[in-house]
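Colleague: I have just opened this one and would like to go through it slowly with you. Could you walk me through the main features?

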Amino acid sequence: MITHVKKSCTGIVVGFLIASQHLISDGGVVYAEALWDHVTMDDQELGFKAGDVIEVMDATNKEWWWGRIMDSEGWFPASFVRLRVNQDEPMEDYPLKLDDGREEDSRNAAHRYGVGQTTKDQMRTNVINEILSTERDYIKHLKDICEGYIKQCRKRADMFTEEQLKTIFGNIEEIYKCQKKFVKALEKKFNKDYPHLSEIGSCFLEYQNEFQIYSEYCNNHPNACAELSRLTKVSKYVYFFEACRLLQKMIDISLDGFLLTPVQKICKYPLQLAELLKYTNPQHRDFKDVEDALNAMKNVARLINERKRRLENIDKIAHWQSSIEDWEGEDVLVKSSELIYSGELTKISQPQAKSHQRMFFLFDHQLVCCKKDLLRRDILYYKSRINMDNMEILDVEDGKDKDFNITVKNAFKLHCKDTEEVHLFCAKKPEQKQRWLKAFENERMQVQLDQETGFSITEVQKKQAMLNASKQNQTGKPKVVTRTYYDFLMRQKHPTLPTNLPQQQVFMLAEPKRKPSNFWQNISRLAPFRK
């Protein structure tokens, strides 16, 4: 019975496409909705974004359709869109062909199989089927990489070291194991008889933490591309990789194309879940889980993006440190990986209450103090640093300070809980003081977040960043903070505090959002992986 229903439904889908083409041929209008972004450099292809509505002008080819958006026309992959169930013109007059060749009136088919009866249920069925189908294809793809390439590479110790394989393939074997468990969880939740009743949102919630392993893979991907580019300049590696592909009977795409798929996959989950939520009724038992899953996967993508940005920043921090004169002690990267804030403050030291104008750089875990050169203000000299992990921030009212026995304005203190040591700082303006207080709050939040998410920079990455910075400075020229990094560290934008805002509410102002990394945008511009 189920087999007959499946065959009949397949016939209905084919019939629906045939009916759509008849409608187009007769001058009717057929619309499709884009499921994914289609980015192309080919002027014969039609580019669009997920959610765009496309007028389908030719659907005779199963793989590629011709369509129009506004004034643009071109070919686009049929798998990237979904035909609208309710078109502007009725489809009752177009018969649907079943697999045995009989014709069935579309109204009877709609009643029997749900096409057009409950649009949301039918569309939800389509989205769920698509999620499961793409997951199974993805598992096959990962298996091909692990067995077709990695397994063969390990047999050739004369060509590849373990370190090289780690660079090229990253942690894709861990991803493969994770995805196999994930697809099994999806299949358990799939309702074969009534797919639209499937409750798969909980699967994404269950695996949201496991999906964070994609962060390591995405961060390593540029290194993988660089290593592959280097190896494929040698003909024996080109022949070897091609032999691996042919033995595994994989499609005709280069290895770097295959290795891009996990990066694209983690980007697609929020899009798929957004599409699923769109066609899930609020009364559906899966609605809340799908809604939560969408937010969870967006957070996973944000976390991966943030880690990518942090990794890119360590090179800038290493370059900055290498430009500082008279540096003492351990490298900044030993404890820190993020510049939170920087600016000029007056530091007052005991016992004589001496004041010094200094440049301060607040990183996670530490505050670095530097002195500007008297003649060349772009040259900085290292003076000291303060460990922020055991510091307490104290707001100081304008007036006479009892500890230092001086009158202060726009001041705050750093108090060490272990040694009772106190550092007094004064800003030039009240708003600058508030920015520093907010920055100290952000620093603690960043440290806590890193602990919760397990974020860390490996020793290899730290050493590589410092090595790259030292190479750049081996020119024989005096070390200075270059314009690029000077801007990066010192020309930050801050919110303008309204003058009528009560003092006690200032702490609630959020620090402006950083400019996001271009990582995902760059990935989305690449041509999508096709079967």
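**Talking through the model**

Modeller: Gladly, and please keep in mind from the start that this is a predicted model.

Colleague: Where do R230 and E227 lie?

Modeller: Both R230 and E227 belong to helix α7, which covers residues 213-231, and they are three residues apart, about one turn of the helix. An α-helix has 3.6 residues a turn, so residues three or four places apart point the same way.

Colleague: And is E227 buried or exposed?

Modeller: E227 is buried, with a relative accessible area of 14%, whereas R230 is partly exposed, at 47%.

Colleague: How many salt bridges does the structure hold?

Modeller: The structure holds 30 salt bridges. One of them joins the side chains of R154 and E173, with 3.1 Å from N to O. This pair links distant parts of the chain, because R154 sits in helix α3 (residues 119-154) and E173 in helix α5 (residues 172-189), 19 residues apart. R154 is partly exposed, with a relative accessible area of 41%, and E173 is also partly exposed, with 31%.

Colleague: What about E306, which residue does it form a salt bridge with?

Modeller: E306 forms a salt bridge with R309, and the closest N and O atoms of the two are 2.6 Å apart. Both residues lie in helix α10 (residues 287-322), where they are three residues apart, about one turn of the helix. R309 is buried, with a relative accessible area of 10%, while E306 is partly exposed, at 25%. The pair also belongs to a network, in which salt bridges that share partners join E306, R309, R310, E338 and D450.

Colleague: Changing topic, which residues have the most contacts inside the largest nonpolar core?

Modeller: Those are F160, F169, F204 and F211, in a core of 60 residues. The elements that give two or more residues to this core are α3, α4 (162-169), α5, α6 (201-207), α7, α8 (235-247), α9 and α10. The largest share, 13 residues, comes from α3. In soluble globular proteins, nonpolar side chains tend to be buried together.

Colleague: Take F169 as an example, which residues does it touch?

Modeller: Leaving out residues up to four places away in sequence, F169 touches I145, Y149, I150, C153, Y217, L255 and L259. There is also a second, separate core, which has 22 residues and includes I314, I317, F363 and C370.

Colleague: Where in α9 is the kink?

Modeller: The kink, of about 30°, lies at K268, shortly before the proline P270.

Colleague: Back to the cysteines, how many disulfides does a search of the whole structure find?

Modeller: The search finds zero disulfides. A disulfide is a covalent bond between the sulfur atoms of two cysteines. For C370, the closest cysteine sulfur is the one in C369, and at 6.6 Å it is too far for a bond, given that the cut-off for a disulfide is 2.5 Å. C370 counts as buried, at 0% relative accessibility, whereas C225 is partly exposed, with a relative accessible area of 31%.

Colleague: One last topic, the backbone. What is the phi of M70?

Modeller: Phi of M70 is near 55°, which is a positive value in a residue other than glycine. M70 is found in the loop between β3 (64-69) and β4 (72-77), and at 74% relative accessibility it counts as exposed.

Colleague: And where is N405?

Modeller: N405 is in the loop between β13 (399-401) and β14 (406-408). Its phi is near 55°, again a positive value in a residue other than glycine, and N405 is exposed, with a relative accessible area of 53%.

Note on methods. Residues are numbered from 1 along each chain as its sequence is written. This is a predicted model: local features need pLDDT of at least 70, side-chain atom pairs count only at pLDDT 80 or more; totals for chains, interfaces and linings use all residues. Side-chain values use heavy atoms; hydrogens and water are left out. A salt bridge is a side-chain nitrogen of Lys or Arg within 4 Å of a carboxyl oxygen of Asp or Glu. Helices (H or I, at least four residues) and strands (E, at least two) are DSSP runs, numbered from the N terminus. Buried means under 20% relative accessible area, exposed over 50%, partly exposed in between (1.4 Å probe, protein chains only). The bend at a residue is the angle between axes fitted to the seven residues ending there and the seven starting there. A nonpolar core is a set of buried Ala, Val, Leu, Ile, Met, Phe, Trp, Tyr and Cys residues joined through side-chain atoms within 4.5 Å. Contact means heavy atoms within 4.5 Å.
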